[in-house]
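Visitor: Could you take me through this structure? I have not looked at it before.
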Amino acid sequence: MSQSKNKRQIEVYRAIDKMKRAKPHQVIQHVASIMGEDAESAAFKRAIHRDLKSLTQDNILGVEYFTPSGEPIHPDEEENHANLRVEYFLLAADGQNVTGQELLKAVGAEIMGTPSLMESTHIEENLTSLGNNKYVISMEIHIAKFIHIIVDADERPFTVQFARTTKKLESHAYRQALLDGLTGRSLILLLPQGTVSRMKLEPSFGHASVSFQKEHGQVRINDHGSSLGTEYKVMSSHEADDMLHDHQDKTIRTPTVVGVWKKLKQPTTQEMPLAIKLGDAKIVFSDS
């Protein structure tokens with residue numbers, strides 16, 4: 001990103017932070033006055049619109065659409081309206097930020113959830129300083145390469161829903177509708193793989209869910225009628241350790257495979273560590 005573009009996007013962010021909610025023309029006027037630019041310049045207007053779109057796609061900004069009379073437009077209905085009014089706002093204010101979230105965004109994934117559970121969640125690239133009494137949800141991004149979502153075990157019971165990510169999340173109304181549909185303590189892990197079923201605005205949306213039970217170390221797996229189904233495999237601690245941790249002697253270590261992949265036909269409760277496959281997306285669950 002060029003220095004001028006970087007400075008402009010910072011000023012776009014500051015403008016919306018100051019105004020709380022802003023229409024594009026308000027952002028253009030504000031940033032132009034700060035940077036000494038011509039607010040009527042077509043090139044400058046295009047640049048600000050690109051910045052707003054980029055910050056929205058990076059989940060830094062949220063966006064809502066309204067009819068010309070000011071009525072909010074329901075998610076999925078934006079294309080049915082002409083002359084839309086647009087308002088931008090900071091997503092940081094909705095309690096959906098977690099430490100390390102940029103690691104997920106870099107691979108096209110995202111996490112959402114109930115605010116109290118999000119506060120007890122962070123994301124790491126390596127399991128070097130995990131600590132005790134943690135649950136680890138490890139998402140494979142390349143062969144033998146994982147990103148780790150870590151949740152305090154004291155938060156149980158809680159549920160993680162898995163679904164395919166979508167551009168609809170650029171709409172604040174759609175994001176809010178998803179969050180409003182959550183019950184209890186819940187996380188939504190949105191994956192970029194096309195083999196994962198899409199989200200639906202229902203309590204049992206998406207591909208599958210894994211519920212961390214009151215009994216420590218137990219999870220309940222449930223497929224939500226996905227087209228490709230869900231598979232699971234119980235693992236040994238040795239196998240999970242070899243898979244998720246970097247070892248100096250890893251080239252000579254041989255994982256001890258305990259279980260085989262089983263097709264999930266009905267909800268089942270299992271002990272961690274274990275892995276699930278949603279199409280070609282692999283997730284490993286373990287604890288410390």
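Predicted model: local features only at pLDDT ≥ 70, side-chain atom pairs only at ≥ 80, totals over all residues.

Visitor: Let us start with R8. Where does R8 lie?
Guide: R8 is part of helix 1, which covers residues 3-19.

Visitor: Is R8 buried or exposed?
Guide: R8 counts as buried, because its relative accessibility is 13%, and the cut-off for buried is under 20%.

Visitor: Which side chain makes a polar contact with that of R8?
Guide: The side chain of D51 does, at 2.4 Å. D51 is also among the residues that R8 contacts beyond its neighbours within four places in sequence, along with V31, M35, F44, A47 and I48.

Visitor: Now the cores. How many residues are in the largest nonpolar core?
Guide: That core has 35 residues, and those touching the most other members are L104, I111, F162, L191, F212, I276 and F285. A second, separate core has 18 residues, including A32, V86, Y88 and L90.

Visitor: And the rings: how many aromatic pairs are there?
Guide: There are five aromatic pairs. One of them joins F158 and F212, which are stacked with 4.5 Å between centres and 15° between planes.

Visitor: Which strands hold F158 and F212?
Guide: F158 is in strand 8 (residues 158-164) and F212 is in strand 10 (residues 208-212), so to speak of the pair is to speak of distant parts of the chain, 54 residues apart. Both F158 and F212 are buried.

Visitor: Which residues do ring pairs link into a cluster?
Guide: The cluster consists of Y135, F158, F162, F212 and F285.

Visitor: What sits over the ring of W261?
Guide: The charged end of K277 does, 4.6 Å from the ring centre.

Notes. Residues numbered from 1 in each chain as written. Heavy atoms only, no water. Helix = DSSP H or I, 4+ residues; strand = E, 2+ residues; numbered from the N terminus. Buried < 20%, exposed > 50% of the residue type's maximum accessible area, 1.4 Å probe, protein only. Polar contact = N/O pair within 3.5 Å; in protein donor to acceptor, adjacent residues only side chain to side chain. Contact = heavy atoms within 4.5 Å. Core = buried A, V, L, I, M, F, W, Y, C linked by side-chain atoms within 4.5 Å. Phe/Tyr/Trp six-rings, centres within 6.5 Å; stacked < 30°, edge-to-face > 60°. Lys NZ or Arg CZ within 6 Å of the ring centre and 35° of its normal.
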